Amino acid sequence: MAPSPALRIGIVCYPTHGGSGVVATELGLGLAERGHEVHFIAYDTPVRLPHFAPRVHLHEVEVRPYPLFRHPPYTLALTSKIVDVHERFHLDLVHSHYAVPHAVSVYLAREMVPERPLRVITTLHGTDITLIGMDPSYQRVTCHALERSCAVTAVSQFLRRRAIEECGCSYPIEVIPNFVDTTRFAPGDAAGPRATLAPGGELLIGHLSNFREVKRLPDLVEVFRIVRESVPARLVLVGDGPEMARVERLVDRHGLRDHVVFAGFQDAVEELLRALDLFILPSEHESFGLAALEAMACAVPVIATGGSGLDEVIQDGVSGLLFPVGDVRAMASHAVRLLTDAPARRAMGASARGRAVEAFPRARIITQYEEFYRRVLASPARASPPCDATRPLSPIDRPPGAG
Ligand code: GMT
């Protein structure tokens, strides 16, 4: 059988430390390693993008300020950049990660160049459906752009269900889970970081996120406060965000400052993760919880909240522990149990690593995306022209006077 031709793929993503940008970047790099030409379109260099990688291009979106604008129109600048990249490089498809506003820009871009058909795929990551995307200011336009995508994926069954509830989608949404590079995120010698993070040989609890309200950081501090009553542990906070000031206030109020490491944003997070004894993610909900998966791949047991996408990542009691949202007492008592029982902790860490390797390996999930692209390209996709030129016109599409 002849090998499938390489594709020209546009990837629209956020360049920040958030999970959607990380997944988009790792996916693009993986596709380029397989011979595809990948064009990242973002407002900055994505954090996990190396300086140079063969077949990888970066197109930065420039948003010009103007005295009239209180909020410069990023969606328009992004649309123009997508059109520009498509006209120059003849993309086969554009894959937008996180619907708001990326799916809208890609939809508009496609409408602008009907003579050069562009397949549009949107991957839903989380709060683009569960929070901000469903704000009345964004909901209708986001749902419309999803409807007009050629295909939509979600990173978990939980998110797929939420998208169906919120947007009332009648079209199929494919679930393609996130993945982790289990070679890079792996257990290993952590003596160096441990010497810095736990100079007195303390046990290390870690958390990695963008410190937003949905992460329930006061719960994390409370769990740590209770744990500290019986275990000499330290808390390593990786990342930053709007809730950080609140965290600092709570840490100070409880006199915990000397036991907390504020590590800020880190590029080589795996070096910190593999130094941990326990990872805690007490979120209100997570569509997936990539940070938890990265900790698991480093053989670190995870304590997290159930009822959302984390249920699909962690097998409760085997590869981690899940608790009801807000149950800080239960999280703390199980954290103490794990921290004081090294064999149990190691066994759960090994199961966590096994789960990451088995269920979320980078190569397999990238293949899943590659096959998905081929299917989308081969099918007379749904939604508006040029995705489906055979669709009967709806009253809104009908030119005036056409009856
Ligand atoms: O939706 C967000 O909060 C932003 C997004 C991101 O860019 O960090 O996080 C979401 O996407 C990640 C990657 O798919 C998931 O691992 C996170 O669980 C998800 N966050 C939430 O659902 C809160």
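## The Val100–Pro101 peptide bond

In this predicted model, Pro101 sits in the loop that runs between strand E4 (93–97) and helix H3 (102–112). The peptide bond that joins Val100 and Pro101 is cis, with omega at about -10°.

## Two residues with positive phi

Phe211 is a residue other than glycine with a positive phi, near 45°. The loop between strand E8 (203–209) and helix H8 (217–228) holds Phe211. Because buried means under 20% relative accessible area, Phe211, at 0%, counts as buried.

Ala299, also a residue other than glycine, has a positive phi near 65°. Ala299 belongs to the loop between helix H11 (290–297) and strand E12 (302–305). With a relative accessible area of 26%, Ala299 is partly exposed, because that class covers values from the 20% limit for buried to the 50% limit for exposed.

## The largest pocket

By class, the lining divides into 17 nonpolar, 17 polar and 8 charged residues.

Helices H1 (19–33), H4 (127–130), H10 (269–273) and H11 (290–297) each contribute at least two residues, as do strands E8 (203–209) and E9 (233–239). Domain 1 (8–179 + 362–396) and domain 2 (191–359) both give residues to the lining, and the pocket therefore lies between them.

## Enclosed cavities

The structure contains 2 cavities of 30 Å³ or more. The largest cavity holds about 70 Å³ of space. Its lining consists of Val22, Val23, Glu26, Arg48, Phe179, Val180, Asp181, Phe185, Leu290, Glu294 and Arg362. Sorted by class, the lining has 6 nonpolar, no polar and 5 charged residues.

The second largest cavity has a volume of about 40 Å³. Gly206, His207, Val236, Val238, Leu272, Leu273, Leu276 and Phe279 form its lining. Strands E8 and E9 and helix H10 each provide at least two of the lining residues. Here the division by class is 6 nonpolar, 2 polar and no charged residues.

## Nonpolar cores and Phe279

In soluble globular proteins, nonpolar side chains tend to be buried together. The largest nonpolar core of this model has 100 residues, and Ile82 and Phe279 are those with the most contacts inside it. Both domain 1 (8–179 + 362–396) and domain 2 (191–359) give residues to this core, so the core lies between them. A second, separate core comprises 33 residues, including Val221, Ile226, Ala233 and Ile280.

Phe279 links the description of the core with that of the cavities: this residue is among those with the most contacts inside the largest core, and Phe279 also lines the second largest cavity. Residues up to four places away in sequence aside, Phe279 touches Gly206, His207, Leu208, Leu273, Ala291, Ala292, Ala295, Val300, Pro301, Val302 and Ile303. Among these contacts, Gly206, His207 and Leu273 are also lining residues of the second largest cavity.

His125 is located in the loop between strand E5 (119–124) and helix H4. At 9% relative accessibility, His125 counts as buried, because the limit for that class is under 20%. When residues up to four places away in sequence are not counted, His125 touches Ser20, Val23, His97, Tyr98, Val155, Leu159, Asn178 and Ser287.

Glu370 is placed in helix H15 (residues 362–378). Its relative accessible area is 14%, so Glu370 is buried. Apart from neighbours within four places in sequence, Glu370 is in contact with Leu31, Arg34 and His36.

Definitions and conventions: Residues are numbered from 1 along each chain as its sequence is written. This is a predicted model: local features need pLDDT of at least 70, side-chain atom pairs count only at pLDDT 80 or more; totals for chains, interfaces and linings use all residues. Side-chain values use heavy atoms; hydrogens and water are left out. Helices (H or I, at least four residues) and strands (E, at least two) are DSSP runs, numbered from the N terminus. Ala, Val, Leu, Ile, Met, Phe, Trp, Tyr, Cys and Pro count as nonpolar, Asp, Glu, Lys and Arg as charged, and the others, Gly among them, as polar. Domain bounds come from an automatic or database domain assignment. On a 1 Å grid over the protein atoms alone, a cavity is a set of points where a 1.4 Å probe fits but cannot get out, and a pocket is an open set with protein on both sides within 12 Å along at least five of seven lines; lining residues have an atom within 4 Å of a point. Grid points are joined across faces, edges and corners, and a volume is the space filled by probe spheres set on the points. A nonpolar core is a set of buried Ala, Val, Leu, Ile, Met, Phe, Trp, Tyr and Cys residues joined through side-chain atoms within 4.5 Å. Buried means under 20% relative accessible area, exposed over 50%, partly exposed in between (1.4 Å probe, protein chains only). Contact means heavy atoms within 4.5 Å.
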